[in-house]
Structures are given as structure tokens and as C-alpha cells.
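I opened this notebook to keep track of what I looked up. The entries follow the order of my searches.

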Amino acid sequence: MPEALCIGELLIDFVSTTPDVTLAEAPGFVKAPGGAPANVAVGLAKLGVDAGFIGKVGADAFGDFLRETLQQNSVDTAHLIAGETSRTTLAFVATRSDGMKDITFYRHPGADIQLSPDEIDRRYIQSAELFHYGSVSLSHSPSREATIAAIRAAKAGRARLSYDPNVRLMLWDDAADAKRWIWEVMPYADVVKISDEEWEFVTGDVDLKQGIKRILELGVKLLVVTLGERGCYYTNGFADGFVDGFIVNVVDTLGAGDAFVAAMLTQLRQYMDLTALERDQLDPIMRYANAAGALATQKVGVIPSLPTPSEIDSFL
């Protein structure tokens with residue numbers, strides 16, 4: 001059984017070959033496997049953690065490609081289901097040098113939101129020590145109910161739960177609905193990572209202070225706000241701090257946050273009580289994660305750009 005499990009969307013990103021042009025103007029695209037939780041699963045595997053992925057793709061050529069990609073990266077796909085009734089979700093991504101996201105999804109409906117609660121293996125989930133989830137799989141039924149069932153199974157087991165809200169409003173029918181479900185699963189998490197561009201939508205607050213208080217009061221043990229090239233801010237209610245990022249020549253920012261999450265989670269494994277960690281322990285963890293995020297911007301596509309331990313060590 002894998003040590004770490006991730007649940008959610010697995011899809012194909014078609015990434016524009018020319019930066020800073022619109023999707024309509026882009027002359028071509030590179031096919032790249034993606035989906036935030038799947039990226040984290042591969043990121044963990046590349047960093048030496050035995051990882052598995054739970055989700056659904058179409059019974060089509062793209063689904064086969066995604067399954068093979070995970071397997072080639074040593075991710076367990078025993079619970080990656082091929083659905084017969086819908087196709088693998090696709091996303092077209094306009095590459096932007098400022099790090100903002102310009103994405104159009106083809107998902108009407110995509111296979112990723114067809115995962116159902118009766119396809120969730122609770123024994124498999126409860127064997128994991130780490131469980132990571134996002135919010136995209138909450139946008140529609142039945143994947144919403146499947147995701148919540150899996151989260152509850154992980155919480156009932158021995159897992160440390162990690163959550164990246166990963167706001168993609170174009171995938172939701174209603175923004176208020178998105179906010180509701182994003183908060184619905186927040187109390188289950190031990191670790192939460194939110195990007196600065198998502199912060200105001202998620203918390204309703206431009207200021208960090210009130211949003212932090214609200215999240216930590218739910219029982220979250222470590223909250224991290226990623227700030228792009230500026231690094232990250234973290235707090236566990238006991239210690240807090242900013243850790244500077246790294247200035248690099250960016251090729252593609254997509255997935256930098258997923259690389260950050262995977263690297264951070266590998267470093268947190270050695271600590272049982274996250275609320276007791278001090279700055280001299282958290283600073284190097286966040287610097288390591290910042291390095292992973294910076295390295296992930298050096299190639300087109302997320303999974304090919306996720307770094308290994310030796311690449312991070314060399315970079316640092």
C-alpha cells in the first residue's frame with residue numbers, strides 16, 4: 001500500500017508554445033499530463049515517497065496516456081478508473097510570464113468528475129500516512145461525494161491530510177458554491193496551502209491576519225501562503241515567517257505550486273506535531289519547497305518539470 005495518496009483530477013494540459021499570447025493567437029500547443037493532485041502524486045514519487053493516485057479518466061487514448069505517465073513515474077494507479085461514459089478532461093493553457101493563469105477547460109462533463117462514492121476503497125485510503133486533496137473534484141457530483149467520502153476515510157485513519165484549494169472558478173457553476181465547498185473540507189486538513197492570487201476569494205479578506213485566524217481556528221495545524229517568485233509565508237499559530245523565493249528565468253509557471261506542495265510534504269514527514277515546529281525548523285522546509293517550485297518553472301508542462309531530490313539539492 002502506498003504511503004501517500006492523492007485524489008482528484010487527472011487531465012491533459014495543452015500548453016501554448018508561445019508565451020504571452022492569447023489562446024486564440026497561440027500558433028501551437030504542447031501536450032502535457034496535468035491535474036493538480038496528480039502532479040502532487042508524481043512530485044512525491046520523484047522525491048522518494050511511495051505514492052498512489054485516486055481518480056477517473058476516460059477509456060480513451062488520452063486516458064491511456066495519463067495512466068502510463070503515472071506508472072512511468074512510479075505512482076500506483078490501482079485506483080485510477082477508466083470511465084466508459086465520458087472522455088478525459090482537457091485544458092488549454094496560455095503561457096504567461098507574469099505567472100497568472102489563462103486556462104480553458106473541455107469538461108462537459110469530463111471523466112474526472114464521474115468518480116463515484118462506491119468507487120472509493122476506504123481500506124486503501126486508511127492505510128495511507130499522507131492524504132492530499134484539492135477543490136476541483138468538489139465542483140460537481142458524483143466526484144464531490146466521492147472526494148468527501150475519501151477525505152473522511154483518511155481522517156478516520158492515521159493519515160496527515162493536506163489541502164490545496166486550487167481555485168478554478170471556470171469549472172464551477174457558481175462562485176458562491178465554490179466558496180461553500182472549499183470551506184466545507186477545510187476543517188479536515190492538517191496542512192493547507194493557498195496561493196496569494198486565491199487568498200482573497202477563499203478568505204474574503206485582502207489582509208492575511210483575519211483569514212489566517214479563521215483557518216487556524218478550524219484546526220488546521222500549518223497554513224502556507226505561496227507568493228510566486230516572492231517565496232511564501234507560513235504560520236502554525238506558534239511560529240510564522242516569510243521565506244524568500246528564487247529568481248529564475250521562467251518558461252512555464254503551471255504546476256509550480258504542486259511542486260512546492262510535494263516538496264514541503266516530504267520534508268514535514270519527519271515531524272509528528274506540526275503545531276510545535278519553530279522557525280528554525282520551518283524556514284529550511286519552506287526554502288526547500290520554494291526551490292522545488294522554482295525548478296518546476298524551467299520546462300513546459302508540469303510532470304516533466306517536477307524535480308528530483310538531487311536537482312533540488314544541486315539548485316540549493
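Is arginine 168 buried or exposed? I found arginine 168 at 12% relative accessibility, so this residue counts as buried (buried is under 20% relative accessible area, exposed is over 50%, and partly exposed lies in between, with a 1.4 Å probe and protein chains only).

Before going on, I noted that this is a predicted model, in which local features need pLDDT of at least 70 and side-chain atom pairs count only at pLDDT 80 or more, while totals for chains, interfaces and linings use all residues. I also noted that residues are numbered from 1 along each chain as its sequence is written, and that side-chain values use heavy atoms, with hydrogens and water left out.

**Entry: salt bridges**

I took a salt bridge to be a side-chain nitrogen of Lys or Arg within 4 Å of a carboxyl oxygen of Asp or Glu. Side chains of opposite charge can pair when their charged atoms come close. By this rule I have a count of 10 salt bridges.

I looked up the partner of arginine 168 and found a salt bridge with glutamate 198, at 4.0 Å from N to O. The two are 30 residues apart and link distant parts of the chain: glutamate 198 sits in helix α6 (residues 196-203), and arginine 168 sits in the loop between β9 and α5 (175-184). Helices here are DSSP runs of H or I with at least four residues, strands are runs of E with at least two, and both are numbered from the N terminus. Glutamate 198 counts as buried because its relative accessibility is 7%.

Next I checked aspartate 196, whose side chain meets that of arginine 230 in a salt bridge of 3.0 Å, N to O. Aspartate 196 lies in helix α6 and arginine 230 in the loop between β11 (222-226) and β12 (232-235), so this pair ties together parts 34 residues apart in sequence. Aspartate 196 is partly exposed, with a relative accessible area of 32%.

I then looked at lysine 193 and aspartate 164, which form a salt bridge at 3.4 Å, N to O. Lysine 193 belongs to strand β10 (residues 191-195) and aspartate 164 to strand β9 (residues 160-164), so the pair ties together parts 29 residues apart in sequence. Both lysine 193 and aspartate 164 are buried.

**Entry: valine 261**

I located valine 261 in helix α8 (residues 256-268). Valine 261 counts as buried because its relative accessibility is 1%. Setting aside neighbours within four places in sequence, I listed its contacts (heavy atoms within 4.5 Å) as Val40, His132, Ser162, Asp164 and Lys193. Valine 261 is 70 residues from valine 191 in sequence, and their C-alpha atoms are 9.7 Å apart in space.
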